[in-house]
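Work through these exercises with the model open. Each task is followed by a stepwise solution.

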Amino acid sequence: MNMKLECDLSGIRKCMMSGLSLLLAGVLQAQNPIVQTCYTSDPAPMVHDGTLYVYTGHDEDHADFFWMQEWRVYSTKDMVNWTDHGSPLAIESFDWADDRAWASQCIERNGKFYWYVCLHSKLTNTMAIGVAVGDSPTGPFKDAIGRPLYEGSWDFIDPTVFVDDDGQAYLYWGNPNVYYAKLNADMVSLDGEVSKVEQTIESFGSPGPDKREKGKKYKDIYTEGPWLHKRGGTYYLSYAAGGVPEHIAYSMSDTPTGPWKYMGEIMPLQDTGSFTNHCGVTDYKGNSYFFYHTGKLPGGGGFGRSVAVEQFSYNPDGTFPIINATTEGVSPVGTLTPYQRVEAETIAFSEGVKSEWNAKTGVYVSGIHDGDYIKVREVDFEDLSPKCLCVSVASALRGGWIEVRTDSIGGTLIAETRVPHTGGWECWTSIEADVTVPVTGVHDVYFVFKGRKGCELFHFDWWKFSRQEMTEREVKDRTQAASTNIPGYEYPRLDEERCAHFRFYAPQAGRLQVDCCGKKYDMQKDADGFWTVKTDPLVVGFHYYFLIADGVQVADPSSYTFFGCCRMASGIEVPEGVAGDYYRPQQGVPHGQVRSCTYYSEAKKEFRRCMVYTPAEYETKVKKRYPVLYLQHGMGEDETGWSAQGCMQHIMDNLIASGQCVPMLVVMDSGDVEAPFIPRKGKDVNEERALYGASFYRVMLEDLIPMIDRTFRTYTDREHRAMAGLSWGGHQTLTTTLPHLDKFSYIGAFSGAIFGLDVKTCFDGVFADAGKFNKQVHYLFLGCGTEEQFGTRKLAESLRKIGIHVDYYESQGTAHEWLTWRRCLYRFVPHLFKNRK
Ligand code: FUB
C-alpha cells in the first residue's frame, strides 16, 4: 500500500509555506483520516480514565473483500495525536472462528474491559458474536467464554453494547435485521431471549427486509452497524442506512428497547470513497464526536477504509445536526508534553510510515523511507527551551537521519540526529541530539526522515526532549571504557547509543580533534585543561581513529595500536551484542594459537615475519596433518591485521568447536602493501598501483608456502590449500591463485579490490571454460558490505552469467571495514576442504 499522500497534501504544503500559511494553517490541517499507517474501519469510541480509545477493524492492504484478520486500538488525550496500541485481538484469539474480523465495540465494567466482536464461526458456518475480556483498555484480551456468545445466522454482525444508568447492559446487532438482548451483569452471558426489533416506517424509515415492497421508495432503510448511546433521558440508535452505498441515519427512543422513532440522516450520502459507513458517537472533554469511516486514504476505497472523526453539537431539541465528512477533522483539546517519553507511534499525521509490534518493544514506527515524516501536534515546550532530544531507534542497514522541525515540514530545524546501523531492526539504541535552536511555547513538531533513497532506513520507537545536559559524572555512569583501551585508561568510553566519549588532559594544546570513521570532531577545552568530545553514534565493530593535536595526526596514547591506514593507529571496538559472539572468545571452546614465525625469503633477500594460526587440537593430535588457508589483509595493513583487528583466531576456534568448519592452519603474511600510497620516484601512480605488493607473489609461492609445509604438519597438495584476502588482499588472492590452480582449490575475496574485469578474458581466460573451472575450484566466495561500492555483486553476477559457481554474500549495514571481513571469514571457512564434488 502506498500511504503517501503526495497529491492530497502537495496543495496544502505549498499553501502552508506561502505568506498566507499562518492564517490558513489552522483551517487546512489535515486530521482525517486519523490513522495513516494502515487501513482502519468500523470505529467504536470509548472514554476511560481521561483518555479516548477507538477500537477499529483493520482492512488489509489491496483487499477485494472484507478479508479482515484483526482489530486494533488507538487512543488520544487531545483529539489530534493518536497513539497506536497495535492489535490486541485477532481471529486467532477465538478458537472457534476462522474469518471476517468485522465490526466491534469495547466497554468497561467493574474494571474489566469487554470487547464484543463479530466474526465467522467455523462451528456453524455463520457469523457470530464473540466477547473478549481484558484488564486494560489496550489488553491483552482473551476470549471470555471460549465459544460464541450468540451465533447461527449471517445476520449476526456489528454488535454495539451499552450499560444503562441502572446497570442493565444491552447488546444490539444485525444486518439487515436488528436484534437485541440483555446482558447479565457478568457481561459474558445473555439475560433471556434475543429479540428481533420490528422495523416500521415510523421506527427506521421502512418496514423490515421481508416486508419491503420491491421498487417502492422508502424514507430510509436500516442496513447495519447499529450504535446505541444515551444522552440525558434519551436513547439514540444510529446506524448505516439506505442499502449500498450507505449513509448514517438514526432513531430515538425513551427506553433502551424502543419503540424507536426514525429521526432522519446524520451523515448523508457523500463522496467518502467507501460504499459502507459505520459510526460511533461519544462525548469527550465537553465536546461531542462522531466517528465514521471513509475510503479516503490513498490506495483505499470500499475495502480499504479509514476512520475519521468530526466534532458536532446536538440541536437544542436533542436531535443530531447534519454532519459532513471533512479532511480537517477536529480541533485539539489539549497539548502534549515533550518532556516525558512519547511513543513514536503517537501521530497527528504521517506520510509513508507504517507501524509494527513485537512483544519486547510493543508498537513502533517502521517502513521509514527518505522523505517520510511524522507530525505531532500541540507540543508544549513551555517557557524554557529543551537542551537535548533523545530518540530510540534501530536499523539493520545504514540508518539515516531525523530532522526535527517546528510547525511545518520545511519549518525551523531545532534538532537533528544521525541514526546509525544498530545491528538489527529490533536492536534498539537511544541517541541524544542537541537542540540547536531554542524552542518555547506550543508548536507542531515534524520528525522528517532522511537517508538513502529506496531502502527502509530505520525503526523508531520513542522520543523525549530534556532540559538537562550530561555532567561528567553522568558520562562516567552511563558509559564504559572501550575494550581496546590500554588497561587502566578510562577514555575513550562508549555509551549505550554507541557514541564514543573522548577526554584528554592537554592544558598547553591550542586545538585538539578526534578523527574517527572519516569525521573530524573538534574537542572542547574546560578551565582545568581537559578536552572532551562525544562522537556521533558509531557502527558496531572495529574502527581506526586518531588524535589530531595542533594539526599533527597521532595515535591516542590510551588506546592499543593497530597497524592500519599505513601506520600505527588507535582502534576502538564498538560492542555488537550477542550477534558478535562468533568473533569473541567463548567459555568452553578450546583455543588455538597465533604464532609469530620468522623466516628468510630468498625472493626478497630479507627476514620476514608471518603469523600462523594452529587449531587447539594441533598440540595433541601430533600425527594429524592439516589443510592451510592463506589469509591476506588489505592495503595499509600487515600480517597482524587478521589476528588483531579481524579476531580471526576466535572466529576459527568457535567454528571448529561447533563443528562448522574443519580444523585448519591459517597463515597470514604481509602483502607488502604497508605504505602503498607513496609513489616511487620517476614512476606514475597508476602504474605504481598496479604493482602494489608485487614482491609478495614470489615470496608467497617460492618461500612462504614451502616454509609452512616444511615447518608445520600440513597437507601439501592443492586440494588442501585455500587463499582469501580482504580489499587489496582480495586482489592479491585472485592474482596469486588463478594463474596457479595447480596449487589452490578454494578461493575467497572479501570486498576484493577487483575492478573492471572482463570475466571472459581476464587471468588468461581462466573463467572462459566454466565447466573446467568449476571442477578445479571447489569453492569460490565473493563478499562485501551493503554500504561499500566495490562492485562485488556485479562481479559475482558476471561470473554466474558465464556459468561460474560463485557464492556471494552481503554483510548488512557494514562498509569497507573489519566487521564486513569478520562476517565474510565466518561464512567462508565452513565451506573449505569439504569437497563434495
Ligand atoms: O467491516 C466489515 C463490515 O463492513 C462491518 O461489519 C459493517 O458494518 C461494514 O462496515
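**Exercise 1.** What distance separates the centres of domain 3 and domain 4, taken over C-alpha atoms?

*Solution.* Note first that this is a predicted model. Step 1: find the bounds. The domain assignment gives domain 3 as 472-572 and domain 4 as 589-831. The chain also holds domain 1 (40-312) and domain 2 (342-466). Step 2: take the centres over C-alpha atoms. They are 32 Å apart. Step 3: list who takes part in the contact. Domain 3 supplies 12 residues and domain 4 supplies 14.

**Exercise 2.** Describe the area buried between domain 3 and domain 4, and name the residues of domain 3 that lose the most.

*Solution.* Step 1: the two domains bury about 930 Å² between them. Step 3: look at the domain 3 side. Phe542, Phe563 and Cys566 lose the most area to domain 4. Together they make up 56% of what that side buries.

**Exercise 3.** How many salt bridges and how many residue pairs in polar contact link domain 3 and domain 4? Which elements of domain 3 supply the touching side?

*Solution.* Step 2: count the polar contacts. Six residue pairs qualify, both residues at pLDDT 80 or more. Step 3: assign elements on the domain 3 side. Strand E42 (541-549) and strand E44 (561-564) each give two or more residues. E42 has the largest share, with four residues. Step 4: sort that side by class. It has eight nonpolar, three polar and one charged residues.

**Exercise 4.** Is Asp444 buried or exposed? Find its polar partner and its surroundings.

*Solution.* Step 1: locate Asp444 in strand E33 (residues 442-450). Step 2: check its accessibility. The relative accessible area of Asp444 is 8%, under the 20% cut-off, so Asp444 is buried. Step 3: find the partner. A polar atom of the Asp444 side chain lies 3.1 Å from the backbone nitrogen of Glu378. Step 4: list contacts beyond four places in sequence. Among them are Gln29, Lys375, Arg377, Arg405 and Asp407.

**Exercise 5.** Is His229 buried or exposed? Which side chain does the His229 side chain join in a polar contact?

*Solution.* Step 2: read the accessibility. His229 has a relative accessible area of 10%, so by the 20% cut-off His229 is buried. Step 3: pick out the polar contact. The side chains of His229 and Tyr314 are joined at 2.9 Å.

Key
Residues are numbered from 1 along each chain as its sequence is written. This is a predicted model: local features need pLDDT of at least 70, side-chain atom pairs count only at pLDDT 80 or more; totals for chains, interfaces and linings use all residues. Side-chain values use heavy atoms; hydrogens and water are left out. Domain bounds come from an automatic or database domain assignment. Contact means heavy atoms within 4.5 Å. Buried area is the accessible area (1.4 Å probe) that two parts lose on being put together, summed over both. A polar contact is a pair of N or O atoms within 3.5 Å; within protein, one must be able to donate a hydrogen and the other to accept it, and residues adjacent in sequence count only if both atoms are side-chain atoms. Ala, Val, Leu, Ile, Met, Phe, Trp, Tyr, Cys and Pro count as nonpolar, Asp, Glu, Lys and Arg as charged, and the others, Gly among them, as polar. Buried means under 20% relative accessible area, exposed over 50%, partly exposed in between (1.4 Å probe, protein chains only).
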